[in-house]
Amino acid sequence: MMSLQAGGQIVDLRSSPSQRVLNGKYRRNGKLQSCEPCRKSKLRCDHVVPVCSRCVKRRCEEKCVYHPNPLTRKRQTAERAPPTPATTVNEEASPLLLPTIESSEPGSPIQSGYHSFRVSQLNYQEAPLSAPAKLNRAASAPPPSSHQYEGEPGRVNPGFFGTTNFMCIFSENLSKLGVMSTELAELEGPKLPRLTISNDQIVRGTQMLYFLKDSSLVHDFINRSFDIGEGVSNVCIEPIMKQWLLKLWPNHGDTLRKGNPEKLRRLSELLWRNTLTSVAVREDMDYKEWAMQATGMNIRWEVIGLIAAIIGQCASTLSRSDLLLSQHNVSKPVLARKMSEIASTCLSFCRDCEALDDLLVWLLLENTCLTTAIKGDGSYAVYSETGEFVNAVVAMGLHINVKQGKPRIPFFLEQIRTRIVGQAYSSEVSIASYLGRPPRLSYRYCNLIPPMDIPDAYLIASEDEIARIVSTFDEKGFGATGKVSRATWMKTWLGIAPMREDVLDLALGRYSREEILRRAEEFHKKSDEYWESIPLFIRTLTDDSWDYSDSGSKRKRPLETLFKASISQGFRANELLLQRVLIRKAGASGDKLVEVASSLFQDILQISKRHDLASILQTDVSALLAIQGLRSAAVIAVELLKQEQMPNYPKNPLLPRSRTIQDLSVFAARLGDVDPSDGSFTVCDQGRKVVTHILDKILSPPNVQERPTAPHMQYEQHHQALAHEGMDMNAFPGETIPHQEWPLPDPFDFQMGEANWGIEVPFLGHDSDFVQWLESVDWERPV
């Protein structure tokens, strides 16, 4: 039974009320969309879903569909713009024909070795989507569509399941009961759901690619970054980055340079599709084969984010007057923040794709380092990004086994993963001790394996070359070259970081005084033994400056000096933090704390005066001033103020007054030299104000009412008073006031604060009096 409703819509009254639902999609003329049979027959449709009444009556329910774009047709191949000629690149002396984004359409020849996609593999679907507000579209253009891609068949979430997970009950017992390993493979993890990539995401991806238009800027800053880091940024080694760039420009350079919106959109779609796939790891892979999975026609958002993050790190560590900035007419803070935004956006794209692999962990680490350089260690953004980096390492199971249960993986990837685990743990413990918060990763739940002391350039060497290098190690596993590389620093630091966690546990935990003293004694024994086991060339911090004219290896490199300073500072900072715990919770004396702080403070002053370090590693030096420098300077400044407020100044003070005031003044000046765009600027500026305030309090003269008057000044004041009295003086005219002798003390009986030399002794009182005394001295009078 049919009924005509308002608006001329026909509704089948025999259907249930829940099924009589109108199609809510409208055409551009404001009318409801008709199903395909009614539209083609030019008949009135009642717009009911899932099947309209007319199709029910005509018994063609299977044809009753509502096409999202009924008046559009697929673009024909003949109508496409002619593809740009493929570029040839000379690699290993043989020309290689490389596909481009223009020639990578279905049906076009693709070079073998690239990961290509066909329509049948992607399971492509379309759904209407409104255009973004900033996207200018023609009135006759079809509405943009969201794309739903189905990634590789059988892709499995690589999340790590620990021993308390129910999956381990199956995997540990079913194999013993005759269940085949192929059947157990189905228990490894849940299948990822089909992901939808919207038009907005594709448009945002297109916007992220515009920074690659200037290839010279990208190359110059990438090269400078690896020059500063001596072949590595934080985790990405130079050969892999060069491999990515080598395939990026020949394949997509023309698209990136010209900035054609349509071609950039297709490149963005390619990036999204590739990021939805997993990165394979096989034991017989070399670094080129592994890197090829993320460049060329396999380009991924992780690589775009890594390029931006490394450029931003380079910009943040340069001085404002660096020629590289003026050469490309860019501002240091502007470029660093722009690259940070791009890297963070690429990271959000990877989250949308639910990526969890080595490239994601690399991007998380590099992006965290860039955020630290811009916002400082104390910002919540750094704290949260460090937590995400740690979470990704744990989710991949790298904290338990860097091989992820495989018998063997490529050597370079195994060592990089080992360093990543060490970096995750050490950075977490460092930021926890800096902020005074519990660590989110503990050595108690990790399998911390120190990396091999192999320079970064040899990670991709042949097995014979690596075996030769390993044969030169000493019994502790350190190289015999006498140089401190990034691997040397990480290997040494992984022995210091667990002790820092123990100190942090004592500081934040609830322990009795006896338990604290017992564990402190164990700590000292363990710490001393470990420090003595470290080779002498790592423990010794020399004062050699970098000579750019010296091409030899005798001079210490800036980065090597920074590594050695970090190791020395980190080891003694453990003792400083422990002494503070003993003072607060066990009532210990503060003498040892002042001694350790003075040692740390002197090293900081020596490092901060190195202009060669500050000009090359500006961000790292500022971080040392903000963390280790302020920590030790705070102890010294407070102790000096305590000394000044003592009723009787000590004969042998813990801190020499004059030298300590000079050192604190120099330190405050260096805090004031920190660049305002540096992430450590806020902390350094706050510390400078506190130190300056303490120095002002120490050096400022007391109030007139509180200031004591010396005996000879009392006599002069009395004599002047009598002279002003005139006739009231008791002496007769012509008589003089008898002279009074002032005894001089024996110099050998001199005690600070008790001497009176007939003058107000300025070098025993306040420095302002000393300055006034210096001005009143007649320096031209012969001695």
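**Overview. Welcome to a protein with 28 helices and 9 strands.** Helices (H or I, at least four residues) and strands (E, at least two) are DSSP runs, numbered from the N terminus. This is a predicted model, in which local features need pLDDT of at least 70 and side-chain atom pairs count only at pLDDT 80 or more, while totals for chains, interfaces and linings use all residues. Residues are numbered from 1 along each chain as its sequence is written, and side-chain values use heavy atoms, with hydrogens and water left out. Of the 783 residues in the protein, 44% are buried, where buried means under 20% relative accessible area, exposed over 50% and partly exposed in between (1.4 Å probe, protein chains only). Taking contacts between residues at least 6 apart in sequence, 72% join residues at least 24 apart; contact here means heavy atoms within 4.5 Å.

**View 1. Helix H19 (residues 513-533) packs against helix H21 (residues 558-586).** Two packed helices are described by the angle between their axes and the distance between the axes. Here the axes come within 11 Å and cross at roughly 165 degrees. Axes are lines fitted to C-alpha atoms, for helices over the stretch in contact, and angles run from 0 to 180 degrees between N-to-C directions. H19 and H21 are therefore roughly antiparallel to each other; angles under 35 degrees count as roughly parallel, over 145 as roughly antiparallel, 65 to 115 as roughly perpendicular and the rest as oblique. The crossing of H19 past H21 is left-handed, a term used if the near helix is turned anticlockwise from the far one by less than a right angle, with right-handed used if clockwise. On the H19 side, look for residues including Phe523 and Trp531, and on the H21 side for residues including Phe571 and Leu578. By class, the contact of H19 with H21 has 11 nonpolar, 5 polar and 3 charged residues. Ala, Val, Leu, Ile, Met, Phe, Trp, Tyr, Cys and Pro count as nonpolar, Asp, Glu, Lys and Arg as charged, and the others, Gly among them, as polar.

**View 2. Helix H24 (residues 618-644) lies alongside helix H26 (residues 681-699).** Their axes are 10 Å apart and the packing angle is about 20 degrees, so H24 and H26 are roughly parallel to each other. H24 passes H26 in a left-handed crossing. Among the residues making the contact are Leu625, Leu630 and Leu640 of H24, together with Val683, Gly687 and Ile694 of H26. The contact of H24 with H26 divides into 10 nonpolar, 2 polar and 2 charged residues.

**View 3. Thr660 sits in helix H25 (residues 657-672).** With 7% relative accessibility, Thr660 counts as buried. Setting aside residues up to four places away in sequence, Thr660 touches Ile636, Leu640 and Leu655.

**View 4. Helix H15 (residues 380-395) meets helix H16 (residues 411-435).** The two pack at an angle of about 145 degrees, with their axes 10 Å apart. Again the crossing is left-handed, this time of H15 past H16. H15 contributes Val382, Tyr383, Thr386, Phe389, Val390 and Val393, while the H16 residues include Ile420, Ala424, Glu428 and Ile431. In the contact of H15 with H16 there are 10 nonpolar, 3 polar and 1 charged residues.

**View 5. Thr295 lies in the loop between helix H10 (287-291) and helix H11 (301-317).** This residue is buried, with a relative accessible area of 0%. Beyond its neighbours within four places in sequence, Thr295 is in contact with Gln243, Trp244, Lys247 and Leu248. Thr295 and Lys247 are 48 residues apart in sequence, and their C-alpha atoms are 6.0 Å apart in space. At 2.7 Å, the side chain of Thr295 reaches the backbone oxygen of Trp244.

**View 6. Pro37 is found in helix H1 (residues 36-41), and Ser53 in helix H2 (residues 53-58).** Pro37 is buried, with a relative accessible area of 14%. Apart from its neighbours within four places in sequence, Pro37 is in contact with Cys55, Lys63, Cys64 and Val65. The C-alpha atoms of Pro37 and Cys52, 15 residues apart along the chain, are separated by 10.0 Å. Ser53 counts as buried at 5% relative accessibility. A polar contact of 2.5 Å joins its side chain to that of Asp46. A polar contact is a pair of N or O atoms within 3.5 Å; within protein, one must be able to donate a hydrogen and the other to accept it, and residues adjacent in sequence count only if both atoms are side-chain atoms.
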